[in-house]
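Please keep the sequence and the three-dimensional view at hand while reading.

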Amino acid sequence: MQLLQKSSDPLPAFRGWHPGEQAVQAIIHLPERVSIIAIVDRLPEQHRIFHTSRLHFLPVTTLDQQGRPWASIICAKDGMPGFISSPNDALLKIKARLWLGDPIIQNCSQLHDGKSLFSGIGLEVSTRRRNKFAGHISNVLLRDLDLDLIVVVTQALGLCPKYINIRSIMPFHGVSPRLIYERFTLGDEERLPDDVIEFIHAADTSYLSTSYVAAQEDENAHPSRVGTNHRGGRPGFVRVRPSDGKTLVLPNYAGNRVMNSLGDIHATPVAGIVFPSFSTGSVLYLTGKAETLYGASARAVMPDMNIISTICVTGFAFVENAIPLRETGPVERSPYSPSICYLAEEKPPSVSFADIILSLIKTRVHNDTLVTLTFESSRPVDIHPSQNCVLELTEFLRKRSHALLDWEEDESTVNDDCVRTWTVSTLPTPDAPCTLSITMRAIKGGLITPILYQLARSVDTQVTGEPINVADLKVCARLRGVGGDLPVPEPLAACDGGRRLLWIAGGIGLTPFLSLTRHVTDLAARGFGNWDVTLVLSTRGPEVMLRLIQENMSFSKVDGHQSPPGLEFSIHVYSPRFQLSESFPPFVSLMPHEGRLDDNGTLFGSVDAKFRESHICGPLPFVRNAMKSLQAAGVDTERVKRERFTY
């Protein structure tokens, strides 16, 4: 076949959210967090490299003849990466080995002329890296259990990593698939077998498949499509209703707030789900009628959740010892995952997960939007530089804030889960093991950050910039967990080349680099390692940001000098305005630039970026621009560590 040719830069895949997505966003009064332009019409180069070289398995979605979506797990016979290739940015070729019981066998065998919708999500479970795609199958060849697919990609999007549990997996050659159940049609009065329900209640990972069937009048603007998404949590986060034994209940945890899956279900009320076990190789496939419940309707089924999705199973299959992959160590649970939410008709266990309580003890207002909050934890917390904390503020938002501030809740707050993630800007220390600080910006149109900022401003109306003791206000939060992917650099001696670091921050994306700055300067002050750090900062408020950097430079006089040996720290600041007054120590070079960071690699070329360890943190447009500039400067973008703020 003739391969499609595309231009080099991906373009937006759609002109707007489809009717189902719009409806869900309206139901929950959700302010837009991710623009529709985040979904592009082909595979970015990073996605192509990722899919073809990093993945041991690929969760995918296909439709059966009834239009029901089924999620499958496909991989090579030996469980190794490389079973996917990408001839160009519009195509993926997949060569997989299937096993009996996988519904994709039947679905691909029944393909007819026309576009057979298809989607997948590439997810590397050892790193939480994830990207999804969708399109249609242009060619399929099924020989026995060997599947060859050619997929035309028309949509690509990066995903929220929040509920992915990290696990190390390796190929396993002792598989011997055994089909236990194959009931692609389940009667109205039938229940799922007890061992299948137990398997669901033990699972911490699943992949959800959905379908959007466009109305005829919407087909041109919002074409039909299928989707595949990750759903994860603590073991047992998906529940099965005891009353009928076949309705799955999925709590909706806040993610990137795109609402693809919920929007699909709203428009086309069917869904499939697959549960893989990487400890046994077993895999469970289910599909059925789907519905999403909101507010009081959701709480009547699962009392602690404001949004849930249900799948009433109409078909399932269960295969043991099928996946040629196995876990090689303990699972690292996502710090974002809340405690198990049990159904109203269940009796929950008497012992539940105990979260750490954080008490707000100080506030510090920096300017019209930026504030630092200092908390004291109920017990010591182990947090590393650049990590973030996941806080649940239900008690504060629903009760305490109303006693302290004059504000009223409206429809937009009802379905909020009150869970937020912020980078820890000041870490606990041996002298203060229970004290930590977070620096946040009040988000326009947000809920919790404006209220927290208003609280801090109420005790510092003149914006003095000084810490204010607020322990008497009795504001508390629950610490769900601690996470963060940016690595903590360890010292290297000059004879080993030292550390050459490049930190790139967009606005409030500076916060992980604050604790890293303290970490590096403290090591240098004690004579550990040789350090060459370049910080590139893009901000509208350079004065405040530079003051925060200066305050986190931990150093002491060494041999009578203020400059620790083996430390160079350069700061490039991009801003539309400057009134710089901060006084930095001698080892710091400050270089202001008017305007925005270039995208042609000029600055990064001048600082030898390709010879540095590069880390980026900031909003998605900034990250994209910085990545483009790094690539232009000759940097291998696969080696760039990045975090973005899209949720």
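Predicted model: local features only at pLDDT ≥ 70, side-chain atom pairs only at ≥ 80, totals over all residues.

Which element gives the most to the lining of the second largest cavity? The answer is strand β11, which contributes five residues.

**The seven-stranded sheet**

- Seven strands form an open sheet with antiparallel pairing, in the order β2-β1-β5-β6-β7-β4-β3.
- Its edges are β2, covering residues 69–74, and β3, covering residues 84–85, and each of these strands pairs on one side only.
- Strand β3 runs antiparallel to β4 (residues 91–97), and two bridges join them.
- Serine 85 has lysine 93, in β4, as its bridge partner.
- Helix α2, made of residues 45–53, packs on this sheet and touches β3, β5 (116–124), β6 (129–143) and β7 (146–158).
- The direction of helix α2 makes about 60 degrees with that of β6.

**The second largest cavity**

- There are four cavities of 30 Å³ or more in the structure.
- The second largest cavity has a volume of about 200 Å³.
- Its lining comprises 20 residues, of which Lys132, Ala134, Gln155, Val226 and Asn260 are the closest to the centre.
- Two or more lining residues come from each of β5, β6, β7, β11 (225–232) and α5 (260–267).
- Sorted by class, the lining of this cavity holds nine polar, seven nonpolar and four charged residues.

**The buried residues of helix α8**

- Helix α8 spans residues 448–458, and its buried residues are Ile448, Thr449, Ile451, Leu452, Tyr453, Leu455 and Ala456.
- As a general rule, an α-helix has 3.6 residues a turn, so residues three or four places apart point the same way.
- The cover over the buried residues of α8 includes the strands β18 (356–365), β19 (370–377), β21 (419–426) and β22 (435–441).
- Helix α7 (394–404) is also part of that cover.

**Aspartate 532**

- Aspartate 532 is found in strand β26, which consists of residues 531–538.
- Is aspartate 532 buried or exposed? Its relative accessible area is 16%, and because buried means under 20%, aspartate 532 counts as buried.
- Apart from neighbours within four places in sequence, aspartate 532 is in contact with Arg499, Arg500, Leu501, Glu568 and Arg612.

Technical notes. Residues numbered from 1 in each chain as written. Heavy atoms only, no water. Pairing = 2+ DSSP bridges. Helix = DSSP H or I, 4+ residues; strand = E, 2+ residues; numbered from the N terminus. Contact = heavy atoms within 4.5 Å. Axes fitted to C-alpha atoms, helices over the stretch in contact; angles between N-to-C directions. 1 Å grid on protein atoms, 1.4 Å probe; cavity = no way out; pocket = protein on both sides within 12 Å on 5 of 7 lines; lining within 4 Å. Points joined across faces, edges and corners; volume = space filled by probe spheres on them. Nonpolar A, V, L, I, M, F, W, Y, C, P; charged D, E, K, R; others polar. Buried < 20%, exposed > 50% of the residue type's maximum accessible area, 1.4 Å probe, protein only.
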